[in-house]
Amino acid sequence: MADEPQYVEIGQRLEAIRVAFSDLSQKDWAKKHDFGVSTYNNWVKGIRRIPVENAEKLCDLYGLDLDFVYRGKRDGLSENARKVL
C-alpha cells in the first residue's frame with residue numbers, strides 16, 4: 001500500500017527536533033518553518049521522507065546535520081543539539 005510508513009525513524013527524529021527546540025504544536029512548527037501542515041504531518045508519520053532542502057533548513061537553524069536527520073548519527077550535532085536530543 002502506498003501510504004504505509006516507510007520513514008518512521010526519520011519521522012521520530014523530526015518530532016524529537018520539534019519537541020527539543022520548541023514548545024510549538026506540529027501545526028505551528030510547520031507554519032514557522034514554511035512547511036505545509038499536512039506535508040509535515042506525513043513526514044512525522046513516516047509516510048513521506050523530508051526532502052533534503054527542508055532537512056538542510058532545520059540543520060542550519062538548529063545545529064544538526066543530515067546524517068542525524070536521515071540516519072540517526074549523532075557525531076555531527078552541535079553541542080547544544082546533543083544536550084537536548
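The protein has six helices and zero strands. Helices (H or I, at least four residues) and strands (E, at least two) are DSSP runs, numbered from the N terminus. Along the sequence the pattern reads α-α-α-α-α-α.

This is a predicted model, in which local features need pLDDT of at least 70, side-chain atom pairs count only at pLDDT 80 or more, and totals for chains, interfaces and linings use all residues. Residues are numbered from 1 along each chain as its sequence is written, and side-chain values use heavy atoms, with hydrogens and water left out.

**Overall shape**

The radius of gyration is 12 Å, close to the 12 Å that the globule rule gives for 85 residues, so the protein is as compact as a globular protein of that length. That radius is taken over C-alpha atoms; the rule is 2.2 Å times the number of residues to the power 0.38. The C-alpha atoms fill a box of roughly 40 × 25 × 20 Å along the principal axes. Buried residues make up 33% of the 85 residues. Buried means under 20% relative accessible area, exposed over 50%, partly exposed in between (1.4 Å probe, protein chains only). Contact means heavy atoms within 4.5 Å. Among contacts between residues at least 6 apart in sequence, 45% join residues at least 24 apart.

**Aromatic pairs**

A pair of aromatic rings is described by the distance of the centres and the angle of the planes. Rings of Phe, Tyr and Trp (its six-membered ring) pair if their centres lie within 6.5 Å; planes under 30 degrees apart count as stacked, over 60 as edge-to-face and the rest as tilted. The count comes to five aromatic pairs. Two of them are tabulated here.

| Pair | Centre distance | Plane angle | Class |
|---|---|---|---|
| F21 and Y62 | 4.7 Å | 35° | tilted |
| F35 and W43 | 5.0 Å | 70° | edge-to-face |

F21 lies in helix α1 (residues 8–21) and Y62 in helix α4 (residues 52–62), so their pair ties together parts that are 41 residues apart in sequence. Y62 counts as buried because its relative accessibility is 11%. Ring pairs link F21, W29 and Y62 into a cluster. F35 and W43 are both buried.

**A buried histidine**

H33 sits in the loop between α2 (26–32) and α3 (37–45). With 2% relative accessibility, H33 counts as buried. Beyond its neighbours within four places in sequence, H33 is in contact with K57, L58, L61 and Y62.
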